[in-house]
Structures are given as C-alpha cells and as structure tokens.
2 protein chains.
Amino acid sequence: MRPVYISGLGQTDVGEHWQVSLRELAHYAAQPAVEEAGGAPPEALFVGNMLAGQLSRQQHLGALIADFCGWRGIEAATIEAAGASGGAALRQGFLAVASGMVESALVVGVEKMTDKIGAGVNAALATATDSDYEGAQGVTPAALAALLMRRYMHEYGVALNDFAGFSVNAHANAKTNPRAMYRNTLTIDAYLRASMVAEPVNMFDAAPDADGAAAIVLTANLPRESDRPLIRIAGSSAATDSLAVHDRRAPLVLSAAALSARKAWAMAGIGPDDVGVFELHDSFSILAVLSLEACGFAERGLACTLSAMPDAAISRSGRIPICAFGGLKARGNPGGASGVYQAVEVALQLRGEAGPNQVGAFRSDNGREPGSEVEGKGVGRRVEAAWGMAQSLGGLGATAVTHILAREA
Amino acid sequence: MRPVYISGLGQTDVGEHWQVSLRELAHYAAQPAVEEAGGAPPEALFVGNMLAGQLSRQQHLGALIADFCGWRGIEAATIEAAGASGGAALRQGFLAVASGMVESALVVGVEKMTDKIGAGVNAALATATDSDYEGAQGVTPAALAALLMRRYMHEYGVALNDFAGFSVNAHANAKTNPRAMYRNTLTIDAYLRASMVAEPVNMFDAAPDADGAAAIVLTANLPRESDRPLIRIAGSSAATDSLAVHDRRAPLVLSAAALSARKAWAMAGIGPDDVGVFELHDSFSILAVLSLEACGFAERGLACTLSAMPDAAISRSGRIPICAFGGLKARGNPGGASGVYQAVEVALQLRGEAGPNQVGAFRSDNGREPGSEVEGKGVGRRVEAAWGMAQSLGGLGATAVTHILAREA
C-alpha cells in the first residue's frame, strides 16, 4: 500500500443555501480543492451524500458533479452510510489511491437539507435508522438520541446541565469560524432554558440540519513546490454496529466507534494520547459523550467531566480539543458532507492554518505555557498537533468511519 | 497492486419478492457467496443499491445488511451510481482488496422495486437523470431512451423490426435460466405487436423493474482446495458522461461506455476480439445497440446486424454472445443489483458452470464445430470463453463501469 497525501482542501459556508443548487454547492467546495492540488482534473470523484434522492429528487451525483465541474469522463460514484457518508467517501477515495489504480481522487461531501421537493427532512433522516423497527414506527434519530441520553443519565447519575459544556464549547469555537452556521455565544443558562426536541434532548443538544459542501483531494504523489506542511492519511478504517439501537448489547457503548478507532490507531501506530485534535460526530450531545468514551478519551460515565468549565479538556486549549471549528452542533450538520468537513478541519489544524481556531497555538497565544504532554508534539513555541482524528458516525453510531491525519516531519 | 480473485458467488431469483424484505433478499444472495468462499465473515461489505431510500424508506444498507447476515462490526457502505450501482460497488470492492487494506470484500447488489412505501417507481427512476433539466420536466429514462432510439433510426435508416433480435435473444437465453424473471419465448411478431411505452420504445424494448440480489466475494488470496477454475478480475474501470442527454456532443455515442471499456481492456491487456461473452446493460434495446458500438463490437449504425437471425452474432453460439442468461431484458432489471448479476453470470461462464446457458459449450453441444476464431480460446472440445466482460450503465450511459474477468490457466 502506498502513502496517500492530502493535496487540496475546500469548503463552503454551512447554512441555508436556498439560491444554490446541489451541483453548484458541490462545485464551490471542489473547485478550490482541485485548484490547490494543481488544477488538473482529478482521476476519480467520490461523493459523500445521504439525502439527495429523497430531498432533491436527484441521485447519480457522481456523474452530475463531475460534469458540472468540467471534468466530464472521470470515474465517479456516490458513497452512502447515512450520517457517516462523508467519512465513508473519504475512505473510498483513500482506498482508490492506495490501491495504485487512481492517482488523484477528489472527495466531495455535499448535502442540501433545504431542498424539500420530495420527502420531509425528518422522514428522510429516519431512513438512517432501522426503518422496519424504528423509522416506520415514528422513531426519529432525535428520539433515539433521547433514549440513549435518558439511559445515560440514569445509569451514571448525570444531570442535564452536565451536558451543557459540549454545546457551549461548540458555539465558542464556531465564533471565529467564518464557515460556521451558528457563531453566537451559547451560555449555560440559555442551554438550560432551551425547549425540548425529544426530552431530554433539547434544541442545543441537537445539531442543526444544514446545506454545505466540503472537498479533499487525495494524491499518491507528494505535492511539489508547496510551503505547506505535508498531511498524510495515516489511519483509515470503518466499522458497523446494529442499526436498531434496541438490538445492541450495551447501547451506551458505541462499539463501531471503538472498533474503528482502534483499527485506525493501529494502522497509524499511535494511541489516543497522541491525538492533538479530535473532530467527533456531535450530531447530539450524547453522541459526543459516547464517542469520547468509546474512543478511550474518558472512562465510561465520565466524559461529561471533560467539558466542565473553566479550562475544559475539550476546549481548544485543553487536553483533547474537540469540535474546534464548532463541530456539527455550531458549524452545522450538512449530513453526508459533515464527515468531509471534519477531515478538512483536522487538516487545517495540522497545517497550522486554522487561524484563531488553531488548537495548541491558541494555548500559547493566550500566554499559558504548553503542558508537558503537549510539548513533545510541538514545534518550537508554536504548539501544533502532529496527529489529528476525524470520526464520522451514521445512524446513532451504526456506522463509524475514523481517519487519522498526520503532519509529516 | 495485488491480484483480486472471485471466491464466491450468489444470486436470488429475479422477480417480485413481495414476501421478502430488503435485508432478507440481500442475505439470500450473500450467504451462499460467503459459504462458497469458506464461510468466514467478509472483512468489508459494499452494497450496490439505487432506490432503497426512496422506495423502501431505508438507507444505510451497509450496516443493516452486515448485521442481518450475522457480521455485526465489519466495514460497510453503500455505493450508488444509478443503474450502474452494482458495477460501481464491485469496483469499490475491487479497489479495497487491491489496496491491501481489505483481505476479503463482499459485494452485494440488492434492489426491491416492489417496495413502494415512498415515491413511485417512475419518479424514483427519474432521479437517475438530470432532475433539474430532465426528471423534473417529466422526462423519464424510458422517454430519453425513446429520443435516442428515434434519433438512431433516423440517422442510420434502421427500422423498428431491426431491434427485435435483441429482445428475442434475451428471452431465448432466459428460457434456461431458473433465476430469470421472464422465461417465455418472444417472437418477432409479438415484439412488433407490442404496445408502446414511449414511442418507439415498446414493452419488449424496456427491461422490467424487478426485485433481486446478487453477491460476489473478492479475495486477494487464492481460494484453496477448489476444483473450480480460478477467476481473476483482470480489468476494472469507471467513466462518466453528461447526465443530461441533450448536453452530449454526440448523443448516439456512449462515450463513458467507450472510455471505460478501453481502460478495462488496457488494464487486462486484451481487446474486444478476446471477449468471449459480454454482459451489457440492455435496460433498453437502444442501449444494447449503443453499447455494442461504443465498445467496438460493431461499427456505428450497424449493431442491429449482430442480432439478425438465424445465427445471430449475439446469440450464445455467436461471435459475441450477450445477455447469455437473459440480460436485463429477460433475467430482469433489479436496479442497483443488475451490475452484480452481470458479473456473477460472466464468472459462471468462465468457470464453465453456466449449464445450458454456457456460451461456446453450447456451440459444441448442438453438434456444430467451433469456429476457428473461437477455437483459439477454447480448451479441448469444450469451448469456453477465457475472458468475459460486464458493463453496467447508469442513467442512459452517464456512468459506465466495466469489468474484465479472466479464467486463470
């Protein structure tokens, strides 16, 4: 297997793009990514999308987007794994380049939730669950998240306000991300006063449905003549769990997330302590909690303590920064595009191009000395993460796709 | 890149499976394929499916099918490229194994057209076209096929009855395929009397929507202790064209089909003359015609002559047998599963396990001597193809995925 590098990044604003069609949205992310990679048409296109067939009444996005971007003829296909579609598309792009069959692969995650020509959004999102036993009975993803959250609170004696830190952190981080959907400050008070979506999941526990597109170019050859640090995909893996939450042996353990994280670390030759930034799938606060526990960043029942303020471990200056650009919660959750956004954001961190959203750098910027556990990874005073992790989940964790990105020395 | 072998095959009957759910249908194809490959769970599952989100209100088939088959935990994703979804899933499985990252990949194509919980079938199929400019204007795939067929008749002075041979051949071949949906004989008279779907496309020019599932296990290691001939994926490629037919420079030239065939042959080191059997995408007669021309088996405007009876070149005993098990027309067209059926059928041919549907063998069985151009490829008296080709099209040829299968000496 040959090494696979990231040679171009692109992303659109996340929000409601009423005036832009699906193909245009994809183009706005793909174009800058391909430009950065040198401008030549990619050899293959992998589209991460979940809902276009249902919401936009458009499938076959591979050929559609390839043609619209001016690359008629190139290989193209859509990859779907519900909310993990973006991560799954990145993995297919990785496999294609790693195989030696494809020299350059463009991965585009795109979703347009504001297109509602076909089914309604909630009905469409419920197709990510086990339709026969969940969706068709009226059980939406939000309802499933509520069941998990309630069970978690019961099992570990955790209160609603213990979850507040995740959404507060996400909004705080999104503030300086011009791409983010919600850049307003969220206070604990506002969180606690929020109306319920599906008790105990409140409005601020659920990431907003959004439109957006993100893109990554993967190449086997080293990009030449670039001052940018070189980013390599050091780990890539996917795993599954039962789609129906009630079928899982221990519903509070995201076994797919745990398994795919272990496989990705093994491939990269690292462990959780090496991860400098973790873009996790916080489509619901409870999923952020369960992801941190599944991936070994917290003991079971204790992940909420990582969000305890001040000096939360999950903040950009903390021990394990998550959602450094706002996460699904505040950057917004454009379904099948979210997994690609996560990887773009991790790559920006490792390149040191995250600006005010930089983890580690932020730490030194605000005057505090880097902690010793971080110092080893840093370069001089500018403390940047050398390894970053992105994990994309589908359907309450039934699919998990994990990527480890590494900055080459 | 390491070699990739086919180590297991499975398929269900094609037809209307009202009593069977999507996951069960997939299981019925997957189980025998995995059994044949030794019974161990595959490491990764690639599902080819086009319409489950719209028709069954179920996406996220990867995790769903993996779990239902008893392989909870394995990597899984769905690959979509409209009608070429099955071929595209096979290609992703191939890339995964070729990359060295995955030791065994199960490719399952599954479609259930009889599930109509969501959208209607015609509306759903139209999402394979350019929705904004075709589908949303009421232009269905059948209507697009009619425009192409009319143009072809005008351009080359071909009459309706010149197309009859394709459907007659498909039905004749399906007769001995117990999996096929339509095993009745079709006469030229019946063809000419058939009611129109979208003039000049008649009822026998359009392949029937169907339910079905087919499966292939791909492995990097040689299957041990098997008397079966070893089948290798010698060529694999995908290409695209404009989704909107009116945007193509020469609508009668399937440029994606031509390009992907050329790439697949180059990879396999062969040319069209080496192909002993060609499973092409005859969702409409005109697509069979245009595929044969795009892939160099006939000059432009002359493909219909290959179907002229008696002794049609496309028959099982002919120069370039197509649709040897009935093709999409008579075996049936279960959308995203069709591409996997095609590859299963080619593999059976190369193994010499096609029974009465065997190409070449059929030639000697009925007492005629093999022609000299075939003899070179045969083994002793039993004349079997050494190379076979499967080509899966999506959306009137906007996506084409081509695989070349080879029998190892």
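A salt bridge is taken here as a side-chain nitrogen of Lys or Arg within 4 Å of a carboxyl oxygen of Asp or Glu. In this predicted model, E103(A) and R2(A) form such a salt bridge, with their closest N and O atoms 3.2 Å apart. The pair links distant parts of the chain, since E103(A) lies in the loop between α4 (85–98) and β4 (104–112) of chain A and R2(A) in the segment before β1 (5–11) of chain A, 101 residues apart. E103(A) is partly exposed, with a relative accessible area of 32%, and R2(A) is likewise partly exposed, with a relative accessible area of 24%.

By this rule, 30 salt bridges are counted over all chains. In chain A, the side chains of R228(A) and E36(A) meet at 3.4 Å, N to O, and this pair also links distant parts of the chain, with R228(A) in the loop between β7 (211–219) and β8 and E36(A) in helix α1 (residues 22–36), 192 residues apart. R228(A) counts as partly exposed at 38% relative accessibility, as does E36(A) at 27%. In chain B, a salt bridge of 2.9 Å, N to O, joins the side chains of D13(B) and R179(B); D13(B) is placed in the loop between β1 (5–11) and α1 (22–36), and R179(B) in the loop between α7 (164–174) and α8 (188–193), 166 residues apart. The two residues are partly exposed, D13(B) with a relative accessible area of 37% and R179(B) at 30% relative accessibility.

Helix α4 (residues 85–98) of chain B has 14 residues and reaches 20 Å from its first C-alpha to its last, close to the 20 Å expected at 1.5 Å a residue. Because 14 of its 14 residues are buried, α4(B) is largely enclosed by the rest of the structure. The helix is followed by G100(B), whose phi is positive, near 90°.

In chain A, S236(A) is found in strand β8 (residues 231–240) and is buried, with a relative accessible area of 2%. Residues touched by S236(A) include F94(A), A264(A), M267(A) and T402(A), together with M101(B) of the other chain. Its side chain makes polar contacts of 3.0 Å with the side chain of R91(A) and of 3.0 Å with that of H403(A). S236(A) and S260(A), 24 residues apart in sequence, are 8.2 Å apart in space, C-alpha to C-alpha.

A search of the whole structure finds 8 aromatic pairs over all chains. One of these, W265(B) with F297(B), is edge-to-face, at 6.2 Å centre to centre and 85° between the planes; W265(B) lies in helix α9 (residues 255–268) and F297(B) in the loop between α10 (285–294) and α11 (327–330), 32 residues apart. Both W265(B) and F297(B) are buried. In chain A, ring pairs link Y152(A), Y156(A) and F163(A) into a cluster.

Terms used. Residues are numbered from 1 along each chain as its sequence is written. Chains are lettered from A and ligands numbered from 1 in the order in which they are written. This is a predicted model: local features need pLDDT of at least 70, side-chain atom pairs count only at pLDDT 80 or more; totals for chains, interfaces and linings use all residues. Side-chain values use heavy atoms; hydrogens and water are left out. Rings of Phe, Tyr and Trp (its six-membered ring) pair if their centres lie within 6.5 Å; planes under 30 degrees apart count as stacked, over 60 as edge-to-face and the rest as tilted. Helices (H or I, at least four residues) and strands (E, at least two) are DSSP runs, numbered from the N terminus. Buried means under 20% relative accessible area, exposed over 50%, partly exposed in between (1.4 Å probe, protein chains only). The expected span of a helix is 1.5 Å times one less than its number of residues. Contact means heavy atoms within 4.5 Å. A polar contact is a pair of N or O atoms within 3.5 Å; within protein, one must be able to donate a hydrogen and the other to accept it, and residues adjacent in sequence count only if both atoms are side-chain atoms. Lists of a residue's contacts leave out its neighbours within four places in sequence.
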